[in-house]
Amino acid sequence: MGFIALLVVLALLVFWLIGAYNKLIGLKNQVANAWKQIDVQLKRRHDLIPNLVNTVKGAMQFERETLEAVVSARNKAIQVQQAPGTSVGQTAAAESQLTGALGRLLAVVESYPDLKATGNVAQLQEELTSTENKIAFARQLYNDTATQYNTKQQQFPTNLVAGMAGAAPAELWEITDQAERAVPNVDLSFGTPPRAAT
Amino acid sequence: MSDFESTNLFEQQDANRRRTRWLVVAFIAFFGWLGFGGDWILYELTRDAPPNAYRHVFPWAGIALTVFAGLLAAYAWKTGPNKVLWSAGAREIETASGDSETRLVNVVEEMAIASGLPRPRIWLIPDPDPNAFATGLDAEHAHIAVTDGLLAMCSRDELQAVIAHEMGHVKNLDVRLMTFLAALVGAVALMSDGVGRMLRGGARFGALTGGRSRGKRDNLGPLVVVLIAVWLLSWLIAPFVTRLLALGVSRKREFLADAMSAQFTRNPLALASALEKIEHAEAPTMSIKRGSAHLCIADPLGRKASLREGTLADIFGTHPPMAIRVARLKAMGYQEAKALSASA
């Protein structure tokens, strides 16, 4: 009798172990996938910018600085994206620079009504708005999934399996732009962990 | 109403999921009783039969009803999505032409990213009344259809919120759930008709042979008599009860999709203002048929029930009263603003 009870308890334990392990692996892959989505959208954004710059360049002779800021921020962002082993934080910082430069450019475009009226610019603006939104939503999904993954790793009793599943906290995409957020940077990642999406 | 206390969008999602679960459990339990209850009665009736007479040990009735409903569900799953789109006169947008179509495609792509799902196929319905619906049994075969009126009336943010609501339906597999429940409702309605006919026939038969069977009927235990009475009564009210339960599930899924929209856009107020615009557009959506009403963002028939809060609206609507939906969305928006200002 006692032996059977022991067997049952053992079997339950093994089932739980498998479940918890698979849950963690599933979440890890979801985080990686969410990161890939961001990557795709960032690439779209980088590809869109030369198009935009060429379109507005002619009409904006006097705004060379603004345009150059966008171009250099874009080139830097591409470098960061293509460098191996970049952390989420580095990508976030580079992209936030680009967001700022693009925002200034769009604000300037607003003050050129003739430029805005041309169909090409209106289309580009919609594309840019959509791309910016896509980046924001991909980031939101990544942060949500990563938070879920991190919480699961720390929760008892799943934390007992975390080591076995090779689970390490995923770094969140913090918004570093001071204009976007004025709260102290809370580091949820405890030190400098590897990026989850590798 | 305790719903108003939990205004956080994730709490609202959980609450609505729990409520759906209970409704579906109640639905399936009632359905099981309609079929297997009959088997139980037959078993009790034939238990003391002589050894060579028929004994009802295998639950044929319950299995037959389940198989019947299963066939209906399979048929609806196969043909449903295409039929809905076809009957609405929808046209698929394969390559966007024009600013408003480009914007629609972009918005759908954005919401597909926010929900982490593949991009659904996009359809346009030539109807000036603003409305939208989602169909397709899973996220890989999902369709989202919107009317011309919706594109014309909504701002980009509002359109985004409406599409996010539909992506919420897609993510929650609501089309599958509602098609399944509709098949059960249909099976019960058809069978109930049959049982009613049988009862009328049986009464005539009983009157003719009443004299002879009297002696046998006295032997029936009280349990069997009660079982038969309750079972027959259940069949009488079954079409009504199953429909009410299905409508109850539908309303919970609408609340859930609203909360999903808030999660995807993080902008519940945009959906609130879109819903208000849709509600104030007067005409009913002519091109969307009654059968697909539960798939839409707002009741396409514009039935008065969705306008105000009340017992009637609570029981008979495919959608919750608009005022409550808007109030909950605004509460979510308020919570969000509060959380933001607290952390700043």
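What share of contacts in chain B between residues at least 6 apart in sequence join residues at least 24 apart? The share is 71%, where a contact means two C-beta atoms, placed from the backbone, within 7 Å. This is a predicted model: local features need pLDDT of at least 70, side-chain atom pairs count only at pLDDT 80 or more, and totals for chains, interfaces and linings use all residues. Residues are numbered from 1 along each chain as its sequence is written, while chains are lettered from A and ligands numbered from 1 in the order in which they are written.

**Chain B overall**

- Chain B has 10 helices and 4 strands. Both are DSSP runs, numbered from the N terminus: helices are H or I with at least four residues, strands are E with at least two.
- The pattern along the sequence of chain B is α-α-β-α-β-β-β-α-α-α-α-α-α-α.
- Of the 344 residues in chain B, 41% are buried. Buried means 20 or more other C-beta atoms within 10 Å of the residue's own, exposed means 12 or fewer, and partly exposed lies in between; C-beta atoms are placed from the backbone.

**The sheet**

- The 4 strands of chain B form an open sheet, ordered E1-E2-E4-E3, with mixed pairing. Two strands pair if DSSP finds at least two bridges between them.
- Strand E1 (91–92) and strand E3 (132–135) of chain B are the edge strands, each pairing on one side only.
- Strands of a sheet pair through backbone hydrogen bonds, either parallel or antiparallel.
- E2 (residues 121–125) and E4 (residues 143–147) of chain B run parallel, joined by 5 bridges. B:Ile122 has B:Ile144 as its bridge partner, and B:Ile125 has B:Thr147.
- E3(B) and E4(B) run antiparallel, with 4 bridges between them. Here B:Phe133 is bridged to B:Ala145, and B:Ala134 stands opposite B:Ile144.

**Burial of the strands**

- In a regular strand the side chains alternate between the two faces of the sheet.
- Why is E4(B) largely enclosed by the rest of the structure? The reason is burial: 5 of the 5 residues of E4(B) are buried.
- Both faces of E4(B) are covered. On one side are B:His143, B:Ala145 and B:Thr147; on the other are B:Ile144 and B:Val146.
- E3(B) is also covered on both faces. B:Ala132 and B:Ala134 are buried on one side, B:Phe133 and B:Thr135 on the other.

**Nonpolar cores**

- A nonpolar core is a set of buried Ala, Val, Leu, Ile, Met, Phe, Trp, Tyr and Cys residues joined through C-beta atoms within 7 Å.
- The largest core has 101 residues, and B:Ala145, B:Val162 and B:Leu184 touch the most other members. Helix H7 (residues 222–265) of chain B gives the largest share of this core, 13 residues.
- B:Leu184 touches B:Phe27, B:Phe31, B:Ala69 and B:Thr242, not counting residues up to four places away in sequence.
- A second, separate core holds 13 residues, including A:Val56, A:Ala73, A:Ala101 and A:Leu105.

**Interface**

- On the interface, 11 residues of chain B are in contact with 12 residues of chain A.
- Helix H3 (residues 99–115) supplies the largest share of the chain B side, 7 residues.
- The chain B side divides into 3 nonpolar, 4 polar and 4 charged residues. Ala, Val, Leu, Ile, Met, Phe, Trp, Tyr, Cys and Pro count as nonpolar, Asp, Glu, Lys and Arg as charged, and the others, Gly among them, as polar.

**Backbone geometry to check**

- Most residues other than glycine have a negative phi, and most peptide bonds are trans.
- A:Phe156 and A:Pro157 are joined by a cis peptide bond, with omega about 5 degrees. A:Pro157 lies in the loop between helix H5 (119–154) and helix H6 (159–162) of chain A.
- B:Leu173 is not a glycine, yet has a positive phi of about 55 degrees. B:Leu173 sits in the loop between helix H5 (156–171) and helix H6 (174–217) of chain B. B:Leu173 is partly exposed because 16 C-beta neighbours lie inside 10 Å.
- B:Arg266 also has a positive phi, near 55 degrees. The loop between H7 and helix H8 (268–280) of chain B holds B:Arg266. With 17 other C-beta atoms within 10 Å, B:Arg266 is partly exposed.
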